[in-house]
Amino acid sequence: MNIYRANIIYTPSPDAFRILPGGYVCVREDGIIAGVYEQLPEQYRTAEVTDYGDRLLIPAFNDMHLHAPQYRNLGLAMDLELLPWLNTYTFPEESKFKDTAYAERIYHRFVHELWMQGTMRSCVFATVHPEATRMLADFFVQAGLGAKVGIVGMNRNCPDTLRNTAEEVVRDTRALKQYLDVHGNNGLVGTIVTPRFIPSCTEDMSAALGRLAEELQLPVQSHLSENRSEIDWVQSLEPDTACYGEAYYKYGLFGQRPTLMAHCCYTDGEELRLMKRQGVYVVHCPTSNSNIASGMAPVRMFLQHGIPVVLGSDISGGHYVSMLRIIQYAVQTSKLIYAQTQGKMPFLSLSEAFYLATKAGGGFFGKVGSFEEGYEFDALLVDDSYLNYDNYTLEQRIQRYIYIGDDRDIRVRFCRGKELTEPPMD
Ligand SMILES: [Zn+2]
């Protein structure tokens, strides 16, 4: 048993932070939490305790939507909307990942950055290239981080340099799954079925990926109702469907297996009902939605309907890898909606947004993202002493850390109970 003492802060439910000043978390050898306590129970009185003093111990972050091959474009290319943005900036960059030497260089930095920012688990789009994608999965394994890494399926409306066939994406996803079943660090790293979005996939490809998800019992990730031009385009490509979401549904890609749909800025009506019925996750990506002028996802409305919402950085539509910034932008975006609706849509509290980035996203991986008994111990030790120069309460310290802290304050990172060392950057 490993026992850690610190100021423990987490969100078992969205409505408030649970705070244990000088509390204890007991973690079994297999990385599962045995209990969290205000006082150390009698049975552990003689056990060795790692005492982290006045530092904060919080759950690590889960980034539920991001694109590894867009890492080099971080902070660039914010002058176009989604569809021209893809053609002008994103597809040319992703095409480079046919070259495994290039992929190695960028993917090393990408995985290092996730480690640095305290994102212990993520759901990642790679590219159509199987060699580079397997390398990316290997880097996650070597770093000790958790991830679901998807080979992207796309066979229409894209350059020839970034195109696979339905047969290829099925074959390559199957091979990646077989590889990670053996080499994926006991399930910490796995794969996920990843059609780019409806405009990139012919009927044959979408149907083949839906069947594959069912056969291999894999989850699914894609994009939904991000941008108005995109929605109009999908309507013209799939004229027999009532909404964009139904186009995924008819191919078995909308909740038949656990499904993440990024954005959902314009989801309502029939699509909202279908998402709720199918238990499809909304991945809210507020920085990306703002950068490429997509819109504002109605997160409060989704929550009111009982639709699961999680958070994503969506780099490089999003410009920050840090989930601290995504939490903050999620709250800020909800306040703009609040103002726009004359207060009819209550904004997100900080604890709600923190919950979305930890326990809500973690639910996609199992029992992850909280410090309750039975959860995998994914945690960050935060030294906020330079922010805490006066008599701040712990409630105030977590607020200040989320808004104005960063990766430099993270001292120790745990994933599934294991303390991680810094992975290579080059
Ligand atoms: Zn995306």
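Where does Gln342 lie? Gln342 sits in the loop between H11 and H12, with helices (H or I, at least four residues) and strands (E, at least two) taken as DSSP runs numbered from the N terminus. Keep in mind that this is a predicted model: local features need pLDDT of at least 70, side-chain atom pairs count only at pLDDT 80 or more, and totals for chains, interfaces and linings use all residues. Residues are numbered from 1 along each chain as its sequence is written, and side-chain values use heavy atoms, leaving out hydrogens and water.

- Gln342 is not a glycine, yet its phi is positive at about 50 degrees.
- At 65% relative accessibility, Gln342 counts as exposed (buried means under 20% relative accessible area, exposed over 50%, partly exposed in between; 1.4 Å probe, protein chains only).
- Asp314 also has a positive phi, near 45 degrees, in a residue other than glycine.
- Asp314 lies in the loop between E14 and H11, and at 5% relative accessibility it counts as buried.
- Going from Ile315 to Ser316, the peptide bond is cis, with omega near 5 degrees.
- Ser316 belongs to the loop between strand E14 (309-311) and helix H11 (323-340).

**Aromatic pairs**

- A search of the whole structure turns up 20 aromatic pairs (rings of Phe, Tyr and Trp, the last by its six-membered ring, pair if their centres lie within 6.5 Å; planes under 30 degrees apart count as stacked, over 60 as edge-to-face and the rest as tilted).
- Among them is the edge-to-face pair of Phe61 and Phe354, at 6.2 Å centre to centre with 80 degrees between the planes.
- Phe61 is in strand E5 (residues 61-67) and Phe354 in helix H12 (residues 350-362), so this pair ties together parts that are 293 residues apart in sequence.
- Both Phe61 and Phe354 are buried.
- Tyr71 and Phe110 make another edge-to-face pair, with 6.0 Å centre to centre and 75 degrees between the planes.
- Tyr71 comes from the loop between E5 and helix H1 (82-95) and Phe110 from helix H2 (residues 100-117), so the pair links parts 39 residues apart in sequence.
- Tyr71 is buried at 14% relative accessible area, and Phe110 is buried at 1%.
- One aromatic cluster is formed by Tyr4, Tyr10, Tyr52, Phe371, Phe377 and Phe414.

**Helix residue on the outside**

- Glu203 lies in helix H5 and is exposed, with a relative accessible area of 53%.
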